[in-house]
Amino acid sequence: MALVAIVAGLIVLVWSADRFVDGAAATARHLGLPPLLIGMLVIGFGTSAPELMVSALAAIQGNPGLALGNAYGSNITNIALIVGVVALTSPLLVHSQVIRRELPVLGGVTLLSLWCLHDGTISRWDASVLLLVLAGVLTFSIIRSRRQGADALASDVDADMAGESMSLTRGLTWTLIGLVLLIVSSRLLVWGAVSVAEAFGVSDLVIGLTVVAIGTSLPELASSISAVRKNEHDLVLGNVVGSNLFNTLAVVGLAGVIQPIDIDHEVLVRDWPVMAGLTLLLLVFGIGLKGQGRINRLEGGALLLSFIAYTSWLVMSVIATRGG
C-alpha cells in the first residue's frame, strides 16, 4: 500500500503541479504582470510547489529529514539530471542577462545554507533568516522586472504563452484545483515515503534525497523538455535557477519554521558539497568564461554522470548500513 501511495501520489502531484503553474501563469498574464516576472517567479518558483507542499507536510508530521532531503535532493536533480538531460538533447545557450545575474545570487544562497547547517540544526531563527532573504529576493525581482528592458527570458515566456488562450476565470479555477490536489497528493506521498523508509530501515533523509526529490522534480523536467523543443533555452535555465532558489530559501525555511531540523552528519560531508559543487558548475557554465554562457553536450553528459554517481553513492551507503 505504501508503494502504491508513492506512485499514485507522484502521478497526481506532477499532474496537479502542471495545472497549478499553467493556471497561475495565465492568471498573472491577465493581471498584467510583466513576462519577465512570470518567468522568474510564477513559472520558476511555481514548479517548486510540490517540494513546498511535501516538505511542509513532512515537517508538520515530524519528519523534517524528509523535508530537507526533498529540498536539497531536488536542487541536485534539477542541475545534474534535468540540465544534463536537456543539454544532451540540445546544447543550451544563455542569452538572458537576468539569468546571468541570478546565478551568483543562487551561489550566495547556497553558501548561506551552509551557515544554517554548520551547528548541526536548522533552528527557527535560521529558517526565519532564509524566509527573510527570500522576501528580499522576491522584492528585488519585482522591482527589476518593472525596470528591465528587453531580455531573452521575457521573450521566451512571451513565446511560450503565445498559444495559450486560457481565460482569467479558467486560470483561477485551474490554480485552485491544482493547489487542492497538490495538498492531497503530497499527504499521500509523504505517508508512503515514511512508511517505506520505516519498513526498509532507511532514513527519511535518504528517501527525501532520492525517490521524493526525483518525483517532485518531474514538473521541472517536463517543462524544461517542452521549452527546449521550442528552442526556449533561457526558459529552461530560468526555471531551474528559480526553482533552486525557492527550494533553498522557501522550502527549507518553511519546514524549519514549522519544526527545527536536526542535521545528519552526511548532509554536511556528502549532500551539501554535491549541491554546492553542481551549483558552482552551473554558474561557470551559465555565465561563461569567454563570453556567452553555454552548456554543451559534453558538459551535459558530465552533469548527468555526476547524478548517476551521486545516486549510486546513496544506494551503496544504504546497502552498507543495512549490511552492518
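Where in the chain does Ser217 lie? Ser217 sits in the loop between helix 9 (204-216) and helix 10. Keep in mind that this is a predicted model, where local features need pLDDT of at least 70, side-chain atom pairs count only at pLDDT 80 or more, and totals for chains, interfaces and linings use all residues. Residues are numbered from 1 along each chain as its sequence is written, and side-chain values use heavy atoms, with hydrogens and water left out.

**The whole chain**

- The protein chain has 13 helices and four strands; helices (H or I, at least four residues) and strands (E, at least two) are DSSP runs, numbered from the N terminus.
- Of the 324 residues in the protein chain, 56% are buried. Buried means under 20% relative accessible area, exposed means over 50%, and partly exposed is in between (1.4 Å probe, protein chains only).
- Take the contacts (heavy atoms within 4.5 Å) between residues at least 6 apart in sequence: 88% of them join residues at least 24 apart.
- The accessible surface comes to about 13,300 Å², and carbon and sulfur atoms hold 68% of that. Such areas come from the Shrake-Rupley method with a 1.4 Å probe; for residues, only the protein chains shown count as cover.

- Ser217 is buried, because its relative accessible area is 1%.
- A polar atom of the Ser217 side chain lies 2.9 Å from the backbone oxygen of Ala213.
- Skipping residues up to four places away in sequence, Ser217 touches Glu51, Ser74, Thr77, Asn78 and Ile82.
- Ser74 belongs to helix 4 (residues 64-89) and is buried too, with a relative accessible area of 0%.

**Helix 10**

- Helix 10 (residues 218-229) has twelve residues, so at 1.5 Å a residue it should span 16 Å; its end C-alpha atoms are 17 Å apart, which agrees. The expected span is 1.5 Å times one less than the number of residues.
- Among the buried residues of helix 10 are Pro219, Leu221 and Val228.
- After helix 10 comes Asn231, with a positive phi near 65°.

**Pairs of side chains**

- Side chains of opposite charge can pair when their charged atoms come close.
- The structure holds one salt bridge, meaning a side-chain nitrogen of Lys or Arg within 4 Å of a carboxyl oxygen of Asp or Glu.
- Asp271 and Arg270 form a salt bridge, with the closest N and O atoms 2.7 Å apart.
- Asp271 is buried at 0% relative accessible area, and Arg270 counts as buried at 6%.
- There is one aromatic pair: the ring centres of Trp15 and Trp174 are 5.9 Å apart and the planes stand at 75°, so the pair is edge-to-face. Rings of Phe, Tyr and Trp (its six-membered ring) pair if their centres lie within 6.5 Å; planes under 30 degrees apart count as stacked, over 60 as edge-to-face and the rest as tilted.
- Trp15 lies in helix 1 (residues 2-30) and Trp174 in helix 8 (residues 168-200), so the pair ties together parts 159 residues apart in sequence.

Notes
Polar contact = N/O pair within 3.5 Å; in protein donor to acceptor, adjacent residues only side chain to side chain.
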